[in-house]
Amino acid sequence: MNIFAAFRSLRRHERILWIVSVIVVTASFLLVPERDYMTLAASLIGVTALIFVAKGYVIGQVLTVVFAVFYGIISYYCRYYGEMITYLCMSSPIAILSVISWYRHPYRDSDEVEVNRVTRRQVVLMWVMAIAVTVLFYFILKALGNASLLVSTVSVTTSFLASWLTFLRSPYYALAYAANDVVLIILWIIASVADISCLPMIFCFVMFLLNDLYGFINWRQMRKRQMEESAK
């Protein structure tokens, strides 16, 4: 499915959510005197990616990879090295793996991914890796003199959980991303106090939060529908 076909498949409320997201992100960009067009591009790519991820479309994961690269560069200039390393070295590679995983698991040859039920063993493994990643990144970020060390470390943890659950095709990816959005809203509020040009990133992640909450609702509906159809 190409991006134009993906847009045409959106339902009315999904189009409204995307349009509102674009308007809020663009308006926040226009409000600040010092405008960073890379921030605007990243935000628009991000909200577009999320609406397609919420639909279970592979194109959403492809756009997530692009967003991760843009966001990593933006984070570098704001001295959020944790965000930069997380998105360029962890989130982006896992998103690439998710593209492959989703492409290989379509639901009945449709454009929608098959929702997966995560096993207990996978959950245990995920938390073990999350703890290891958190401890490792804490000391790396501390050595780099990362701004807002504790908040950035929590962001690494939630970002890893969200990326891994996305790879596993679990509806709970959206809740993990929602938790990550809350952390990032706090992180960019702190950055905006020192640099007002970071303000658009706050609104970006507020819209991310709304999109991720919708994603959780829609994926649960997808799982229920797929299970009912499989039972028949």
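**View 1. Surroundings of Phe 160 in the predicted model.** Leaving aside its neighbours within four places in sequence, Phe 160 is in contact with Met 90, Ile 94, Met 126, Met 129, Ala 130 and Val 133, where contact means heavy atoms within 4.5 Å. This is a predicted model, in which local features need pLDDT of at least 70 and side-chain atom pairs count only at pLDDT 80 or more, while totals for chains, interfaces and linings use all residues. Residues are numbered from 1 along each chain as its sequence is written, and side-chain values use heavy atoms, with hydrogens and water left out.

**View 2. The nonpolar cores.** The largest nonpolar core has 40 residues, and Phe 52, Phe 160, Tyr 173 and Trp 219 are those with the most contacts inside it; such a core is a set of buried Ala, Val, Leu, Ile, Met, Phe, Trp, Tyr and Cys residues joined through side-chain atoms within 4.5 Å. Two or more residues come from each of α3 (37-55), α4 (58-77), α5 (81-104), α6 (120-144), α7 (149-167), α8 (173-194) and α9 (199-231), and α7 gives the most, with 7 residues. Helices (H or I, at least four residues) are DSSP runs, numbered from the N terminus. A second, separate core of 25 residues includes Leu 40, Val 47, Leu 50 and Cys 204.

**View 3. Helix α4 and its covering.** The 20 residues of α4 should span 28 Å at 1.5 Å a residue, and its end C-alpha atoms are 30 Å apart, which agrees; the expected span is 1.5 Å times one less than the number of residues. Among the buried residues of α4 are Ile 59, Leu 63, Phe 67 and Ile 74, where buried means under 20% relative accessible area, and exposed over 50% (1.4 Å probe, protein chains only). What covers the buried residues of α4 includes α1 (3-9), α3, α5, α7, α8 and α9. Just after α4, Arg 79 takes a positive phi of about 65 degrees.

View 4. The axes of α4 and α5, lines fitted to C-alpha atoms over the stretch in contact, come within 8 Å and cross at roughly 170 degrees, on a scale from 0 to 180 degrees between N-to-C directions. The two helices α4 and α5 are therefore roughly antiparallel, the term for angles over 145 degrees. Gln 61, found in helix α4, counts as buried at 3% relative accessibility, and, not counting residues up to four places away in sequence, Gln 61 touches Val 53, Ala 95, Ser 98, Val 99, Trp 102 and Thr 166.

How values were computed
Parallel < 35°, antiparallel > 145°, perpendicular 65-115°, else oblique.
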